[in-house]
Amino acid sequence: MLPRSIGTLRLDAIDVAKPRGAPVLCLHGLFAGSWVYERVLPLIAERGYPAAALSFRGHPPTAPLPAIGRASIAGYCHDAFEAARELERPIVIGHSLGGLVALLLASRNLVRAAVLVSSAPPRGISVFSRPLLFRMPRYLPSLLLSRPFVPTPSDLDALVLNEVPLADREAIRARFVPDSGRAARQVALGVYDVPLRTLRAPLLVVGSDRDRFVPLGVARRLARRYDAPLHVARGHGHFLFAEPGWETHVGAMLDWIDKLPAPVRGPASAAWTGEHAPVNRTRG
């Protein structure tokens with residue numbers, strides 16, 4: 001049975017009576033929570049994979065943290081590590097900042113495989129685009145002083161929700177919460193390096209051609225760096241899971257998981273050490 005809580009952390013979870021594969025753990029991005037995956041979890045479970053979505057510390061439905069502005073990516077990684085350990089090395093799907101956390105877990109041999117969706121990049125790949133740079137100055141005090149912040153409604157619409165139907169945007173904006181200026185600064189500065197040689201889990205990179213927050217070029221560079229397949233969601237933006245047609249692309253992610261070697265995607269009770277994992281080629 002999947003846990004619903006791990007200490008103070010909260011999981012949204014759907015069990016599968018007779019699982020055909022390992023649990024799939026979903027990780028959200030900045031300002032969000034496990035609710036990002038509320039329509040995705042049932043599709044994962046229908047494929048026979050126990051499905052869970054983690055809320056990082058201070059994110060709904062867990063209680064807010066007064067010091068959320070000082071939370072670090074390392075802290076969010078610790079939360080994800082606790083969930084991954086409880087789920088016995090799951091397959092992980094990470095969106096935006098959650099993608100970078102998923103990549104860091106993969107580099108530590110803590111997950112069986114990782115899907116990086118509009119992922120924040122590691123060191124050496126810039127996340128900056130012209131639309132982002134144009135709007136960034138107003139948030140610099142929060143980033144530099146590790147204060148909590150949330151983008152304005154107009155910035156969310158322009159950068160994150162630009163392909164979400166207009167009628168749905170207000171309800172989504174209302175669910176966003178202030179997040180860490182420190183974590184956002186760490187992404188901007190490329191604090192975390194993830195060399196290819198550290199990876200022992202296969203990767204799938206997913207990018208959207210209308211993403212103004214993490215441009216498609218970032219996904220292309222991630223795929224090249226890690227010799228990973230790239231799936232492009234045409235006509236989509238950053239907040240893929242709330243955009244019309246999202247089911248098609250989640251289906252593509254699950255198709256990729258279905259095709260992983262049996263020892264990688266097998267049930268959590270099956271022995272697995274990572275020996276079958278290096279699907280991506282290794283450079284010297």
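Predicted model: local features only at pLDDT ≥ 70, side-chain atom pairs only at ≥ 80, totals over all residues.
Trainee: Which residues does Ile44 touch, not counting residues up to four places away in sequence?

Mentor: Ile44 belongs to the largest nonpolar core, which has 101 residues, and together with Leu27 and Phe239 it touches the most other members. Leaving out residues up to four places away in sequence, the residues that Ile44 touches are Val24, Cys26, Tyr49, Ala51, Ile93 and Leu254.

Trainee: Which element gives the largest share of this core?

Mentor: In soluble globular proteins, nonpolar side chains tend to be buried together. In this core, the largest share amounts to eight residues, and they come from H3.

Trainee: How are helices H2 and H3 oriented, roughly parallel or roughly perpendicular?

Mentor: The axes of H2 (residues 73-86) and H3 (residues 97-107) come within 10 Å and cross at roughly 65°. Because angles of 65 to 115 degrees count as roughly perpendicular, H2 is roughly perpendicular to H3.

Trainee: Which residues make that contact, and how many of them are nonpolar?

Mentor: H2 contributes Ile73, Tyr76, Cys77, Ala80 and Phe81, while H3 contributes Leu97, Leu100, Val101, Leu104 and Leu105. By class, no polar and no charged residues take part in the contact of H2 with H3, and the number of nonpolar residues is ten.

Trainee: Is Arg169 buried or exposed?

Mentor: Arg169 is found in helix H7 (residues 166-173), and beyond residues up to four places away in sequence it touches Asp157, Leu161, Asn162, Glu163 and Val164. Its relative accessible area is 11%, and because buried means under 20%, Arg169 counts as buried.

Note on methods
Residues numbered from 1 in each chain as written. Heavy atoms only, no water. Axes fitted to C-alpha atoms, helices over the stretch in contact; angles between N-to-C directions. Helix = DSSP H or I, 4+ residues; strand = E, 2+ residues; numbered from the N terminus. Parallel < 35°, antiparallel > 145°, perpendicular 65-115°, else oblique. Contact = heavy atoms within 4.5 Å. Nonpolar A, V, L, I, M, F, W, Y, C, P; charged D, E, K, R; others polar. Core = buried A, V, L, I, M, F, W, Y, C linked by side-chain atoms within 4.5 Å. Buried < 20%, exposed > 50% of the residue type's maximum accessible area, 1.4 Å probe, protein only.
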